[in-house]
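Me: I have a new structure to read. Can you take me through a few features, step by step?

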Amino acid sequence: MKKPSYFHGIIWRNIFVTLFLIVCISQVSMGSDDGISGKKKQSQKSYTNKEYTSNSKPWSYWWWMGSAVDKKNIDYNLKKFQEAGLGGVHIVPIYGVIGEEVNYLNYLSPEWVEMLEYTSKKCAELGLGLDMTLGTGWCFGGPEVDENSGSMNSQIQKIIMDGGKVNLDLSEESKYDYNQVQSVLAVLQDGSRKDITAHVNADQQLIWNAPTVPITLYVMRMEGPVFKVKRPAPGGEGYMLDPFSSSAVSKYTDGFDTVFHGNLRHYVRSIYHDSYEYQADWTPDLFEQFQKRRGYDLRLFLPELQEGSSETATRVRADYRQTMSELHEAYIQTTKDWAGENGLLFRNQSHGSPANWLDLYGIADIPETETFGATPYEIPGLTREPKFINNDQPNRFVLKFASSAAHVMGKPLVSSETNTWLREHFRVALSHSKPELDQLFLSGITHVFYHGIPYSPEEADWPGWQFYASTNYGPTNSTFFHQYGQNAYIARCQEALRSGKPDNDILLYYPIQDIWHTSPTKRKLYKLTAHNYKDWFMPFPIQKAARELDSLGYSFDYISDKQLLQSKTENEFLQTQGNQYKTLIIPKTTYMSIATLQAIQQLASDGARVIFLDDLPSFVPGYFQYEQRETDLNKVKYEIIKLPSDHLQLVKSTESLDATLLKWQVNKEQLNAHGLPYIRRKTEDGYMYFISNIYGGKDIDTYVPLGVMAKDVVFTDPMSGERGRAILQYKKGVKSMLLQIDQGQSLIIQTFDDSSAEQKPWSYIKSEEKPIEISGNWKIEFVDGGPKLPKAIETRELKSWADLGNKEAERFAGVARYSIEFDLGELSADDYILDFEKVKESAVIHINGHELPMLFAHPFKTFIGKYLKSGTNKLEIEVANLSANRIRDLDQQGVKWQKFHDINFVNIDYKHFDASNWKLMESGLIGKVNLVPVTLISQDQ
């Protein structure tokens, strides 16, 4: 029976939206730079060098739990976000909170739409952007999805029988809501095959006068809908869409046209499609689509489709995978087209899908990747708790797929669902987040979305409303007190990373057919997920090629077959739809289509430079007439090897690859040789780099040659916004920059073709003197947080405030102010560095009334000399800890704060969350606080 429509009966009124609102939503600018409000307001104005646009600042997923939202708390939430320096939010309606059912708003009801409209206006007032998921939970689906448009699976049943008259009931295997025989293949004793589907009647009875010989039947059934929307909001429950049906998604978007009358663009900037978590491997018209696209009838190859290791089986299954990839791509393209027709941008995550990521990312206006888990950085002082860490680790070479498609196709924004399950709930510090952010920036990401913040009303008891699978970046988390510092850091980095154009020199071909042909011998779609890249990326030669190029110091983007076919040669450059490149590299590839190889041949013939690693491709993909097609492939290969060597090279070693690229004047950077991966962009007056010392395992203090021509170089510390001219050295025809960067630090490097206007020199350390320990009587005052403010403490020994004998401090989550006066005598050094042994977890420093840049990540040290004075100095340090001790206390008391429907609240292993047995986590300043006198290198030395 058809499910009742959630669009049916909706009464929608036409509204007048002013031009001001439209402009505000699409072109928002930064509002206040103040920190969050509380007992002590904390300012960041001193360290925000400019007014950043909404898109430069980080955004966040914003889960509307049960859509139990109201105007008062929408105001409260959004104001908090704006004060902390967020640039926008992305609404995702999901399951609700137990006890709040009376406040639930059904998805797309008039009341729900009213709240969306109100949110949009409020965002515009505050300078915040607004996106929304096109549905609830994930993936696309809901009550409007019926048996004709829901996700489908299939099964192939093998029946061995004697010949003769057959009367077989094929309905007995029905296990799903919808079960239909799609095809029946008879394989006779002599190997001959016959499609006998026409002998199945409406009651799914097979009636057939078969030959009187042993027969094997292969019965293909379509089953479904098979999977429901995951974590749906009220009013959004129902089956997931068929992700291989363009007509299904068109029908789905028609429902939004009914509700919004084409006005959705007045509320949100972009609609969003989440990562592929559909449970489907079939679609009703697959046999027809397959024959149209692959040239033969799949019904006759059901045995090979099901399993087997023969060449025929391998090729048939690869054809099946390619066909499903193309159908899902059409599904995504249909969604994008609908968004464009409605004046909306389209964000899409490709990962998890059985399709070519690059082509799916290339369709989106904003391609989006995702980080899941934590990377094992060896940064001194950075804690890594194996017990509380998911083993999934982000991989920089996999994250590059999203930015590669954006660069190749000319998309200015590349987003990321950031820090999903970074660590256990309530145990994620800003210092844990920062290197993961740096890895994203090094991967080309320019539009960070935190994952994320649940909508939580101001009156909700702590810890408020919680989402089960993320790092909570919201106001109920004690890290939010200092989150404005991280948000300002992101804004500075993303502003730099969005300047100019990407300047990767190399295109690296992604051989998707090799994956489709070498994946397991059972019939299955090979889903390329963020979790299983060790299966679909690591074992293949493209992974080796990517790492070799990176280690040699060359920058690259991946490119797909389809994107290659859309490229051309202009003045010896490879010109894609959105960028130009100096060289195309083909990693060792087994299967390649004739069309792709001919396109490569044409590019090289027209003057582009092409490198094949190890060998030319061996085979054509797929089954149809493959022997004849391989003869044709060999003819193209013969023509390719005759091309002149200054346009085509076959190289078999890393040394030869490096020599060829240098001969072809491809820019090579020496940063990688020091463990410093980089991303480089071309600007109007030079180049912009981002580097981070998160992989190298050592501090850097040396001259590093530039890979590009430059007259002047300026460094920017993205943590503080401090800028200064770099010291350059010209030696033996090579210009180098002096680079001092500690482990964990990052740096923005800007080169200029002419002189920079920046006159202030960068602060380089020549030598350090013996540290001066700041000691004496420290006063600790608890200024904001809960469950209540502990009494002030005085101590001469800096250790965790949870270990100072104050019971309230043991369970406190929030901010404490450390203060001390110390006598320095006469100032004698060029500058001084304030260096902390351990900060748990972030610190805002005031020295003699002057506020310094926030320290929220390793290394916890900063220049302080210009604020010091001879004689007595006053130092104040506001430290925010984690919420772990407070949640531990709640669980020990047995407080029932876990009150959420669906999955409720789980730990990182997806088991019941219980913090009652946790050990107390360190909080505050621990160990020595030192003042280090330093001698600086002058610019004329």
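Predicted model: local features only at pLDDT ≥ 70, side-chain atom pairs only at ≥ 80, totals over all residues.

Me: How many salt bridges does a search of the whole structure find?
Reply: Start with the idea. Side chains of opposite charge can pair when their charged atoms come close. Here the search finds 43 salt bridges.

Me: Which residue forms a salt bridge with Asp131?
Reply: Arg269 does, with the closest N and O atoms 2.7 Å apart. Asp131 sits in strand β3, while Arg269 sits in the loop between α4 and β12, so the pair ties together parts 138 residues apart in sequence.

Me: Is Asp131 buried or exposed?
Reply: Under 20% relative accessible area counts as buried. Asp131 has 0% relative accessibility, so it is buried. Arg269 is buried too, at 10%. The two also belong to a network of salt bridges that includes Arg347 and Glu368.

Me: Where do Lys72 and Glu458 lie?
Reply: These two form a salt bridge, with their closest N and O atoms 4.0 Å apart. Lys72 is in helix α2, and Glu458 is in the loop between β16 and α11. Lys72 is exposed, at 53% relative accessibility. Glu458 is partly exposed, at 49%.

Me: What do the side chains of Glu304 and Arg193 form?
Reply: They meet in a salt bridge, 2.7 Å from N to O. Glu304 belongs to helix α6 and Arg193 to strand β8, so this pair ties together parts 111 residues apart in sequence. Glu304 is buried at 13% relative accessibility, whereas Arg193 is partly exposed at 34%.

Me: At what angle do the axes of α5 and α7 cross?
Reply: Angles of 65 to 115 degrees count as roughly perpendicular. The axes of α5 (residues 286-294) and α7 (residues 311-341) come within 10 Å and cross at roughly 105°. The two helices are therefore roughly perpendicular to each other.

Me: Which residues in α5 meet α7?
Reply: Leu286, Gln289, Phe290, Arg293 and Arg294 do. Their partners in α7 include Tyr320, Met324 and Glu326. The residues of this contact divide into five nonpolar, three polar and four charged.

Me: How many of the 10 residues of α20 are buried?
Reply: Eight are, so helix α20 (residues 884-893) is largely enclosed by the rest of the structure. Among the buried residues are Ile887, Arg888 and Leu890. What covers them includes β36, α19 and β38.

Me: What comes just after α20?
Reply: Gly894, with a positive phi of about 80°.

How values were computed. Residues numbered from 1 in each chain as written. Heavy atoms only, no water. Axes fitted to C-alpha atoms, helices over the stretch in contact; angles between N-to-C directions. Helix = DSSP H or I, 4+ residues; strand = E, 2+ residues; numbered from the N terminus. Parallel < 35°, antiparallel > 145°, perpendicular 65-115°, else oblique. Contact = heavy atoms within 4.5 Å. Nonpolar A, V, L, I, M, F, W, Y, C, P; charged D, E, K, R; others polar. Buried < 20%, exposed > 50% of the residue type's maximum accessible area, 1.4 Å probe, protein only.
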